[in-house]
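Okay, thanks for coming, everyone. I'd like to walk you through one interface today, so let me put the structure up.

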Amino acid sequence: LSQSNKNGGAWGQLETIISGISVRGEGRSMMDYAERLFPIARSITGDGLRESIKILSGVAELDFHSVPTGYNAFDWTVPREWNIRDAYVKNNEGQRVVDWRKSNLHVVGYSIPVSGQYTLDELIPHIHTLPDQPDAIPYVTSYYEDRWGFCLTHDQLQNIGPGPFEVLIDSTLTPGVLNYADRVLTGESGKEILLSTYLCHPSMANNELSGPIVMAFLNSILEPLDLHYTYRLVLVPETIGSIVYLSKHGDHLREAVEAGYVITCVGDDGPINYKRSRRGTTLADRVAEHVVKQSGGDYAVNIEDFFPGGSDERQYCSPGFDLPVGSVTRSMYGRYPEYHTSLDDLNFISAEGLTKSLVIYLRIIQVLEMARPLVNLSPYGEPQLGKRSLYPTLGTAKGRDVSVDRMMHLLAFADDQHDVVSIADRMSVPAWEFAPELDILRKAELLAFGDED
Amino acid sequence: LSQSNKNGGAWGQLETIISGISVRGEGRSMMDYAERLFPIARSITGDGLRESIKILSGVAELDFHSVPTGYNAFDWTVPREWNIRDAYVKNNEGQRVVDWRKSNLHVVGYSIPVSGQYTLDELIPHIHTLPDQPDAIPYVTSYYEDRWGFCLTHDQLQNIGPGPFEVLIDSTLTPGVLNYADRVLTGESGKEILLSTYLCHPSMANNELSGPIVMAFLNSILEPLDLHYTYRLVLVPETIGSIVYLSKHGDHLREAVEAGYVITCVGDDGPINYKRSRRGTTLADRVAEHVVKQSGGDYAVNIEDFFPGGSDERQYCSPGFDLPVGSVTRSMYGRYPEYHTSLDDLNFISAEGLTKSLVIYLRIIQVLEMARPLVNLSPYGEPQLGKRSLYPTLGTAKGRDVSVDRMMHLLAFADDQHDVVSIADRMSVPAWEFAPELDILRKAELLAFGDED
Amino acid sequence: LSQSNKNGGAWGQLETIISGISVRGEGRSMMDYAERLFPIARSITGDGLRESIKILSGVAELDFHSVPTGYNAFDWTVPREWNIRDAYVKNNEGQRVVDWRKSNLHVVGYSIPVSGQYTLDELIPHIHTLPDQPDAIPYVTSYYEDRWGFCLTHDQLQNIGPGPFEVLIDSTLTPGVLNYADRVLTGESGKEILLSTYLCHPSMANNELSGPIVMAFLNSILEPLDLHYTYRLVLVPETIGSIVYLSKHGDHLREAVEAGYVITCVGDDGPINYKRSRRGTTLADRVAEHVVKQSGGDYAVNIEDFFPGGSDERQYCSPGFDLPVGSVTRSMYGRYPEYHTSLDDLNFISAEGLTKSLVIYLRIIQVLEMARPLVNLSPYGEPQLGKRSLYPTLGTAKGRDVSVDRMMHLLAFADDQHDVVSIADRMSVPAWEFAPELDILRKAELLAFGDED
């Protein structure tokens, strides 16, 4: 055990980093990335996805991977690669009444190419709108069945005119690849923390640009740290991408992952949600629940059991893998009206929201680094802290200070069954506040981690 | 595994049956049986018990058994057989001021024969009334100590006159038999569901005719079904009968019974109670609690821990057997003022009450048939339901339909540790509503029961 | 198993004793001891401690022990012995403005000897007061670092005058011994109940004289009883004393102790607190929680988890021993304003408070004696209580009496997993009320303890 490690390693470094994070600094920078990534026409395959991964690799290095069309991952097969250059509906005056160049949401994802004249009646079955949200373009895809279609605001449809219409979708569906990226930051332990997010949606901000951006910044922040755990950061197109990833690494992950999170919907300023892993009582759950409860401040905090809707936690938690993977989000998929529409735009997210989410994930990582089973090395009665200058030698009438109280709690419960989270929960205080006392007692050789040599 | 079984077997058949049950049909028919059985002078032995079993055998076949007087069952000995032909108290004008022919409750059960002249003072020690319920005849017995006595309304006693009285109890206590009946409906599994009720009370309706009648109808309904479990229906005189039954079958039941219920006090329209088995967390408890909570509708639902008052669950749950046996009741023994009096008559029960209770027990059986551990046969990531036409191929902006959501839940939790009850509880919906999706996924070979070959 | 034991042994004897305890009797007598012990100048070593142990040995015999200065107990070393004959601060008129003869709290415990002239400025660093409680002398000690000092009321300091002062502390710090006492009352079982209290504070009443006095009376009461458990009563100076005791007996205690309590702060009339053992779910916890809840009456009852502040439970519950030791207190250390000041005097405690605390500890002991796993010796169905005259042979309309109900509960749950506490908790009644039925059923050979031969 190196002395640097006894100085607190990553959790001490993270304390400094967290105290320096600001909305004007990291927050503004994350918004800059959001603005750059927003216009790109992404899907689960294709040029837009590749370009987006490349931009995020600029924050911190990512390893780039691909599997070919036709690749079988368990019950799934990687589809053809989809690319699109232009798409429109022109009215009989030649005006683009639907124009893909204005919003890439106007075209159903994975639309087959089409070109020709259509009457209004012929066109209507290919039109998707949201009558209840007449100013929103819906997000619609058809990855696994050949279709074409346009997504319009309902107002747009009301004013589309009588036709006939000239319709173009200049897309290609060809054998190609599915891309994804990952990064493994090797810590002193082979045990892994999995951080996964997805990248496949066109111009939408909270779901989904917020996730990849926060993950890219975590990547950058974690890279230079003296980490205990090995951190695996994964960036995949949703569903098919995580299933492909599991087909490559699932057996390893089942052995190695101690805790994991799917990072999604972390861009707005809504309440803080934690969705538990399927098992519900894993290290991932204990740490995240503790951190969100202690981080809530003025925000509402909502903790709920796993459910098989949502994102890639559905794949990681599937019974065959059953990984300890939960998810901290802000306004959650499917529960805010702007979700999966053009209203989930750059105005919906904020530098404040992204910053708060970044800090929560950093706190989770900080607490994970600390939350290892504790062992009292002087376990027969209390050790005499006074002779080590850790306890006042003058016994006075009134109470102890809080630092001594934290040391006493750490020592009293260091039975290889408790960690800093369960001890902090007994005192109803944040686990990360125990960092100084954890360092002091480890240096004094009164306390050790039960899983260290 | 036969295709018919994959079609849902008993739970599908039960869905059809339950949807066809009506107050006018089964309800009226159960009331007819109650009217036929009500006047018979039953006790724990004797002609009345035999006649009653015979009538109930007319609903569906029962196997008839007996043990002789003197038979030892654990700590108990079968008493002499008791029969009664007539009993009265005549006043000095020769009028029957107490007349067994008007109510068989007028005679203390197991009264020894008596005949002679009695002064009022001599008679009084043999008289039982309920001063607080002056119009009710109490139900009194003395199975294991020789006594004789009459039970009167308190009003009747006030007006009995000065005597002397001519007293007759034309009863016999002779070596004979104790009768009981059972029925084993063999399912594909040797594991058993025990349904037990008791038959030994004279003219009382909720406690006890309701129990045997509902059980007889369950017998008739279950007989033709493709059952997974083997169902054992047991009809015994209370206490001594179930102890005798355990002396014959206890070792087998301890091995075979997966869940069981004592059916009693199921005739009125009161709130729905579930009394847990002694262990409190068995399959019997999980399923019954789920069903009564989901069946309550406008009815109050009350769930409580086991207590050693009540009926034959006291014997089945005794520490030497500790069977997983609970009890769903309506107005429960000892808790309604008419209990164990002449006021617990045919007016106290109703076709509505009996029908609701029949349906609740059928729902319990339906859910038991379904509530086996589930295993996802495509457990690595989610199976691709779209290619099986089980999931929409068009990804739209808004939520999934409820059937897809049920399928996703079944698959996500099918880890051999969950069943349809624990999954339904997560969604706060009735387990029986999962039947169509359970059938679909089993036919698609995506889901199996963990305990099937 | 002796017949006397089947008669209820200690719990029956304790029932008689408890019903005879009175404020005028035991309460007054305990106050007499408090008055006698209060003026003595105690510390963790020295003459005052020896004299106090001797007085308490007068209530019932105690075994006297000592270890020498320099004795090593785990991380601790026994300090020099401290004695004091006189101490004062005289003003320039020769008046004792601080006088140890008026209150032994005026001198910092373990003050080194000092004698000389001091200006006010020189004296001030050696003065301790409580500005927020200007009429209270604080209790201050410096066992492990050489210091001297005086403790004054803040009012006293305000009026101390300009000086110079003549200062004397006529103390000695010399190689000697640390004393403690214990008593082992051998029961039929080698399993032990640990009752520990501490004796080292000078003139303070609730913390701490109440503890040693209640323990001495328990010693006297338990001595003649037919006990199942072996009772170990321990009287030590706080912290160093219990650590020394563990260094001598810790390995034995780890094997033998089934339950234990630190008796402290039991003299006033405040609410009843139970502080759980570190594990929180031991026999000690189950029994004490039950007893305080059932004993509360008009008193507030507060049950809380272990925390590493307080008294010697910190040593007994340290991870290396992890003994099942909790603590029932009244106004608890650190939570009442008089704590560790001269205001915690004989007026703060009362005969009523001491008596109530004595009874609660006796009830705990009574219930511990009874709370052994129960086994039904006639477990197949209910035993026939009627033939043993334990159940009415006349079955009537209405409910059972409470004694029969207690017997039925004892038998129904006597599966070697329940004891009288878990059964009483099901019925929400005091466990000690089951004593008659426990005796009846054991004599009838229907019930036994699972841990008896």
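By buried area I mean the accessible area, with a 1.4 Å probe, that two parts lose on being put together, summed over both. Quick housekeeping: this is a predicted model, where local features need pLDDT of at least 70, side-chain atom pairs count only at pLDDT 80 or more, and totals for chains, interfaces and linings use all residues. Residues are numbered from 1 along each chain as written, chains are lettered from A and ligands numbered from 1 in the order written, and side-chain values use heavy atoms, leaving out hydrogens and water.

So, how much area is buried between chain B and chain A? About 2,300 Å², and carbon and sulfur atoms give 49% of that. On the chain B side, B:Y380, B:E382 and B:Q384 lose the most area to chain A, together 27% of what that side buries. Counting contact as heavy atoms within 4.5 Å, chain B puts in 27 residues and chain A 33.

As for secondary structure, helix α12 of chain B, residues 402-413, gives the largest share of the side touching chain A, 5 residues; helices here are DSSP runs (H or I, at least four residues), numbered from the N terminus.

That's it from me, happy to discuss.

Terms used:
Helices (H or I, at least four residues) and strands (E, at least two) are DSSP runs, numbered from the N terminus.
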